[in-house]
Amino acid sequence: MVKKFYLKEFGYELEIGKYANQADGSAWLKQGGTVILATSVSAKAKEFPGFLPLTVDYRELFSAAGKIPGGYYKREGKFTDKEVLTSRLIDRAIRPLFPARFFDQVQIFATVYSVDKKYLPSTLSLLATSISLIISKIPFLGPVGVVEVGRIDGEWIFDPTFEQSLKSDLKLIIAGTEEGIVMLEGSAKSISENELVDIIFKAHEKIKKQVEWQKEIQKELKAQKEELTDTFDWNLWEDRASKFFTLEKLKTVNKADKKERAEAFDKLKDEFLDIYKEEIEKDENLSLTQIEYAFDSIFKTKLNDLIFDEGKRVDGRAFDKVRDVSVEVGILPFTHGSSLFKRGGTQALTTVTLGSGQDVQRVEELMDGEEDKTFMLHYNFPPFAVGEVKPMRGPGRREIGHGYLAASAIKGQLPNQEEFPYTIRVVTDILSSDGSSSMATTCGATMALMNAGVSIKKMVGGVAMGLLKSSKGKFQAITDITGFEDEFGWMDFKVTGTEESVTAIQMDIKNKGGLPRSVFENALAQAKQGRQFILHEMKKIMSSPSPELSPLVPKIISFKVPTDKIGAIIGTGGKIIREIIDKTKTTIDIEDDGTVKIFGGPDSQQDEAVNWVKVLGGQIDIGSIFKGKIKRTAEFGVFVEIVPGQDGLVHISSLPKEQQRNLNELYKPGQDVTVEVIDYDPSTGRIRLRFVNPKK
């Protein structure tokens, strides 16, 4: 049976029962001309996975906007960065909302089948995903609502249109349940912590309306949830683990060194398993991985309470203490800029490369055609960073997500193209990781950009935060979390910004009951304190960009030519501009408004390229000297090609009388000569020349 539901305030139109009926849950959700199909399917795991095997894939079909993919391969290929980031966003919002002991495979597909120029598909896809889950048999603890927030001229806009999003200086995506927020992601040129908290709770009011609508849908459809069945006796093994973890045993894990801490934990686990070794070996149906999972779960709970009791963390730090920070810059002699940022056991090596307009990344967007990206930040996480051996097969979702976060943190502080007309590529390799490599990337990128001489407006730093919750319900934020601490907090969030304000944030909240406003305020205030400390340490090495670019950076000369001269500079099929580039070893960009940018490295003939383009563009100064070639002779003088494609005339009257009768013999085509411009008529394009050091 097909049923339709509407939420007029948001312009939602939902259709259930018509599409993808073999999925456990499917939702056909429309907003204006944007249409999303989200499906949810579950399957029993063959073996205990030790985690929730949830897969989320978001897909944008080019046909949704009436387009055929560019390039030779005319179908959607690998996931674009935008698709990966939206998939991660959906995953992060729904993952905390499954039962703790639910380990079935769950696969989500959210596909954009139609898109208009008004309603954005990413947040709509998260909402459709939530609906597909609540009407399925899958034990999902939602529903989830989602709101995007923009800001134009200081005014807050909820769920901005596509055109509004282009004008906005801020983008926040906030997801939540009826009780509270579960996920936050966004960036801004600048936003204060107080403004951020205010907008979170304003957005939550709109989220609650979406949640209430979904509950009504769920009630009307009478969706039945599958009961969890598990033969493993969780209570028994968790009780055994709880009795095992004495205070003395827990304290053996309190070590600052990551490797020593891991070894101490493994020793405890081996000791526990050895106690029940005989029982485990006798019972073939007893799952060792489930026993280890129960052990890990109780360990995190017990350790959490120990931290609260002692008022310090496993590595001995206070709750607001940042690990030791060290920074080096300019360590790679042949890069345009470089830095090595280290915080605790996390180490990020960053390089900056400055290129021309030919180096921009052209991205084919579903909503807005092609976009030229003049700033790129790429993050790499090789397996040796955590002492592992595994194959490298290109950037994964982690690499794309962490790189995007660091890029969005810094982007608003970069100079515009008029001020700094370079294409900027930043690459960070994580050489060692013990927590928050994305924040190390942000800090390292800031230092490498300044080392390269990029005139950033303000320095940007970042810190990863966690949130602990005691068994008595007390919350405590912790600053600069390690990888170990990241695993058992109730919230992990990353905050980047200048000394004054936030520029990007990514927050995942695992507390299903939501968090009070005071927790957000205290956590963000503590994050600001940590960020300011890190920025202070960074400023000890560099507090402003290098005054000069590296000699290795291509120099730029920029000027304008009349737009009607662009064709003459480019030539038929690009013949002339290719010749200029090849002969002068430069790179030339010409924009539609006539702006010309000529990039030249140390071995280029940049001045020659500038003269060449200026001549073709009609910018010829009286008195300019050119090394040209004889083109041909005539009764009234000699034609000299001062640059390929542009001739000038040495009139016969400017030559000695004894030469005037023998022009053909004295001036052969192809001869090199030096000439000076003595007159130029822009209206006709005629150039009058005279020979410098003429023939005797």
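Predicted model: local features only at pLDDT ≥ 70, side-chain atom pairs only at ≥ 80, totals over all residues.
## Surroundings of Thr-479

Leaving aside residues up to four places away in sequence, Thr-479 touches Arg-313, Arg-317, Phe-319, Asp-320, Lys-321, Val-322, Val-463, Ala-464, Met-465, Gln-526 and Gly-530.

Thr-479 belongs to strand E19, which covers residues 475-479. Its relative accessible area is 0%, and Thr-479 is therefore buried, the cut-off for that class being under 20%.

## Helices H5 and H7

Helix H5, formed by residues 234-244, packs against helix H7, formed by residues 258-275, at an angle of about 120 degrees, and the two axes lie 11 Å apart. The pair is therefore classed as oblique, and the crossing of H5 and H7 is right-handed.

On the H5 side the contact is made by Trp-237, Arg-240, Ala-241 and Phe-244, while H7 contributes Leu-268, Glu-271, Phe-272 and Ile-275. By class, the residues in this contact of H5 with H7 comprise 6 nonpolar and 2 charged, with no polar ones.

## Helices H1 and H10

The axes of helix H1 (residues 81-94) and helix H10 (residues 397-411) cross at roughly 90 degrees and come within 10 Å, which means that H1 is roughly perpendicular to H10.

Asp-81, Val-84, Leu-85, Ser-87 and Arg-88 of H1 make this contact together with Arg-397, Arg-398, Ile-400, Gly-401, His-402 and Tyr-404 of H10. The residues of the contact between H1 and H10 divide into 4 nonpolar, 3 polar and 4 charged.

Methods:
Residues numbered from 1 in each chain as written. Heavy atoms only, no water. Axes fitted to C-alpha atoms, helices over the stretch in contact; angles between N-to-C directions. Helix = DSSP H or I, 4+ residues; strand = E, 2+ residues; numbered from the N terminus. Parallel < 35°, antiparallel > 145°, perpendicular 65-115°, else oblique. Left-handed = near helix turned anticlockwise from the far one by under 90°. Contact = heavy atoms within 4.5 Å. Nonpolar A, V, L, I, M, F, W, Y, C, P; charged D, E, K, R; others polar. Buried < 20%, exposed > 50% of the residue type's maximum accessible area, 1.4 Å probe, protein only.
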